[in-house]
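Subject: Structure handover

Hello,

Here is the structure I said I would pass on. My notes on it follow below the structure.

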Amino acid sequence: MAADAPAPTRTETDSLGSLEIPADAYWGVHTARAEENFPITKRPISVYPDMIRGLAMVKQASARANKQIGTLDAERADLIDAAAQRVIDGEFHDQFIVGVIQGGAGTSTNMNANEVITNIALEMAGRQKGDYAYLSPIDHTNRSQSTNDVYPTAIKIGLSLNLRSLLDELDLLRRSFLGKAAEFHDVLKVGRTQLQDAVPMTLGQEFNGFASTLGYDHKRLTENASLLFEINMGATAIGTGITTHPAYASAVLYHLRKISGLDLKTADDLVESTSDTGSFMSFSSSLKRNAIKLSKICNDLRLLSSGPQAGLGEINLPAKQAGSSIMPGKVNPVIPEVVNQVAFAVAGADTTVTMAVEGGQLQLNAFEPVIAHSIFQSITWMQQAMWTLRVNCVDGITANRDRLGAMVGASVGVVTALTPFIGYAASAALAKTALLTNRNVADLVVEAGLMTREEVMKQISPARLSGLETVTAAIPVIAAEDLPEN
C-alpha cells in the first residue's frame with residue numbers, strides 16, 4: 001500500500017533561515033516559529049475574537065493612514081484594508097494560532113496578524129500566498145508600525161469591545177435581581193449581622209441590595225474602561241516615532257476612531273505611554289472588584305438556601321443536578337459555587353496583571369501577553385458566569401414564605417421595633433423570656449399589658465419593620481408627670 005503523499009508546502013524565509021509552511025496556511029514563517037517556541041497554554045490567541053478584531057482594526061486603520069499621507073500606494077493599501085475587514089467580520093480567525101502566552105512582548109501576535117492579512121490580500125489579488133515581493137507582511141502591512149504600538153493598542157480596542165458584552169450581561173443580571181426584589185417586596189424576614197439574628201427586613205430589600213451593588217459595579221467598570229482609550233499609535237519602537245511620517249499618528253487615530261467607534265486619543269507622551277501599562281492594572285482591578293462582590297452575593301444565596309431542612313432554608317434555588325453520588329435526593333447550589341470559583345480565578349488573574357505591570361523595564365513592558373490573556377480570560381469567564389447565574393439560578397429563585405413568616409414571628413429582633421413604645425429595659429426582658437420559652441414576642445407584649453394587640457400588630461407590620469413606613473409617633477415610655485423639673 002502506497003504511503004500518503006506529503007501535504008503541499010511553500011518555503012518562507014526570515015533572518016533565521018527558511019521553513020516549510022503548509023501551502024494552505026495564511027500564516028507564515030514568523031508564526032510557525034512562535035508556534036514551535038511557545039507550546040505553553042495550548043490556547044491560541046483566536047480564543048479571544050475581540051482581540052483579533054482589535055488587531056485587524058489597527059492594520060486597517062494603518063493602511064488607510066498610510067494611503068492618506070502617501071507612504072503606501074493605493075493598490076496595496078486597499079488590498080490590506082479589504083483583507084483586514086474580512087478578519088473584522090469574523091473570517092480567518094482560525095489562522096491566528098500563536099499561543100496566548102509568548103515571549104517577545106507580543107511580536108509573534110503582531111506578525112501572525114501581518115502574515116494572515118497579507119496572505120488574504122494576496123489571494124484577493126489573484127496571487128499566491130507567500131508572494132511577499134509584491135505585498136510584504138513587514139514592509140507593507142506593518143508600514144509605519146511596531147509591535148510596541150500595535151499590540152497594546154489592539155489589546156485596548158479588543159478589551160473595550162469585549163467589555164460591551166460583559167456590561168450587557170451585568171445589566172441583565174441586575175434586572176433579574178430587581179425582578180425578584182419586586183416579587184418579594186412584601187416577604188418579611190429576619191435580617192442578620194455577624195450571622196446572628198438582627199432586625200427584620202423584607203426579602204425584597206435584600207434582593208434589591210444585590211441589584212444595587214451590581215449597578216454600582218456597572219458604573220465603575222464603565223469609568224475605568226475609559227482609561228483604555230489612550231493609545232500610542234505612532235510611537236513605533238520606544239515612543240520616538242522612528243520610521244513614521246510626521247502626519248501618521250494623527251491620521252491613524254482618525255481612522256481608528258472611525259473604524260472602532262471608540263473615543264480614542266493619542267497619548268500626550270508616547271515614550272511614557274509605550275512603557276506604561278498602568279491602565280491595564282486599573283481596569284483589571286475593577287474587574288476583580290466586580291467579581292468579588294458577585295461572589296459575596298453568591299455566598300449569600302448559598303446561605304439563604306442552606307438546608308433545606310437543617311439550614312436557613314429561606315429561599316429555594318432551582319435544582320439543576322443531582323448533588324451526591326451517595327446521598328439520594330441531595331441537591332447542591334452548583335450555580336453559585338461555580339461563580340465563586342470564577343471570582344477566585346479573576347482575583348488571581350488580577351495579581352498576575354499587577355506583577356506583570358511591575359515587571360516592565362525601561363522603555364517597554366515585555367509581559368503584555370500575560371496581561372492581555374489574564375484580562376481577556378477574566379472578562380470571558382465573568383460574562384459566562386453572570387449568564388449562568390441569571391438563567392440557571394436567579395430567575396428561578398422562590399421564597400419559603402411560611403418559614404420566613406414563622407421565623408419573624410419567633411424572632412426577638414421584632415422587639416426592637418417596640419422599644420420606642422415600651423422602653424429598652426422592658427424590651428430586653430421580653431426578649432429574654434421569648435428566647436427561654438420560644439414564645440411569640442407579640443403575644444408576650446400583649447399579655448404584659450404594655451400594648452394592645454392592635455398597637456403591636458401595627459408596629460410590627462412588614463412596612464414598619466422593614467423601614468418602608470416611617471414611625472411618626474410613639475407611646476410615651478415615661479409619663480409627663482414623671483419628667484424631671486427644669
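Predicted model: local features only at pLDDT ≥ 70, side-chain atom pairs only at ≥ 80, totals over all residues.

With a relative accessibility of 12%, histidine 93 counts as buried. Setting aside neighbours within four places in sequence, its contacts are Ser46, Pro49, Ile52, Arg53 and Val87.

**Helix H1**

Helix H1 covers residues 29–37, and its buried residues are Val29, Thr31, Ala32, Arg33 and Ala34. Which elements cover them? The cover includes strand E1 (9–14), strand E2 (17–22) and helix H4 (107–124).

**Salt bridges**

The search of the whole structure gave 25 salt bridges. As background, side chains of opposite charge can pair when their charged atoms come close.

Glutamate 123 and lysine 129 form a salt bridge through their side chains, with an N to O distance of 3.1 Å. Glutamate 123 has 35% relative accessibility and so counts as partly exposed. Lysine 129, at 19%, counts as buried, because the cut-off for buried is under 20% relative accessible area.

Glutamate 169 and arginine 390 also meet in a salt bridge, at 2.8 Å from N to O. This pair links distant parts of the chain: glutamate 169 belongs to helix H5 (residues 147–183) and arginine 390 to helix H11 (residues 368–392), 221 residues apart. Are the two partners buried or exposed? Glutamate 169 is buried, at 9% relative accessibility, and arginine 390 is buried as well, at 15%.

The next pair is lysine 293 with aspartate 217, where the closest N and O atoms of the salt bridge are 3.2 Å apart. Lysine 293 counts as partly exposed, with 22% relative accessibility. Aspartate 217 is buried, its relative accessible area being 1%.

**A patch of negative charge**

Which residues gather in a patch of negative charge on the surface? They are Asp268, Asp269, Glu272 and Asp276. Of these, glutamate 272 lies in helix H8, which runs over residues 270–275. Glutamate 272 has a relative accessible area of 36% and is therefore partly exposed.

**Backbone geometry**

Some backbone values may be worth a look in your viewer. For reference, most residues other than glycine have a negative phi, and most peptide bonds are trans.

Lysine 42 has a positive phi, near 60°, and is a residue other than glycine. Lysine 42 is located in the loop between H1 and helix H2 (49–69). Its relative accessibility is 70%, so lysine 42 counts as exposed.

Leucine 362 is a residue other than glycine with a positive phi too, near 55°. The loop between helix H10 (334–358) and H11 holds leucine 362. At 75% relative accessibility, leucine 362 is classed as exposed.

The peptide bond that leads from glycine 307 to proline 308 is cis, and its omega is near 10°. Where is proline 308 placed? Proline 308 is in the loop between H9 and strand E7 (315–316). Proline 308 is exposed, its relative accessible area being 63%. From proline 308 to threonine 419 the C-alpha to C-alpha distance is 34 Å, and the two residues are 111 places apart in sequence.

Regards

How values were computed:
Residues numbered from 1 in each chain as written. Heavy atoms only, no water. Patch = residues over 30% accessible without salt bridge, like charges linked within 9 Å, V, L, I, M, F, W, Y side chains within 5 Å. Areas by Shrake-Rupley, 256 points an atom, 1.4 Å probe, with all protein chains shown as cover. Salt bridge = Lys/Arg side-chain N within 4 Å of Asp/Glu carboxyl O. Lys, Arg positive; Asp, Glu negative; His and termini not counted. Charge placed at Lys NZ, Arg CZ, Asp CG, Glu CD. Helix = DSSP H or I, 4+ residues; strand = E, 2+ residues; numbered from the N terminus. Buried < 20%, exposed > 50% of the residue type's maximum accessible area, 1.4 Å probe, protein only. Contact = heavy atoms within 4.5 Å.
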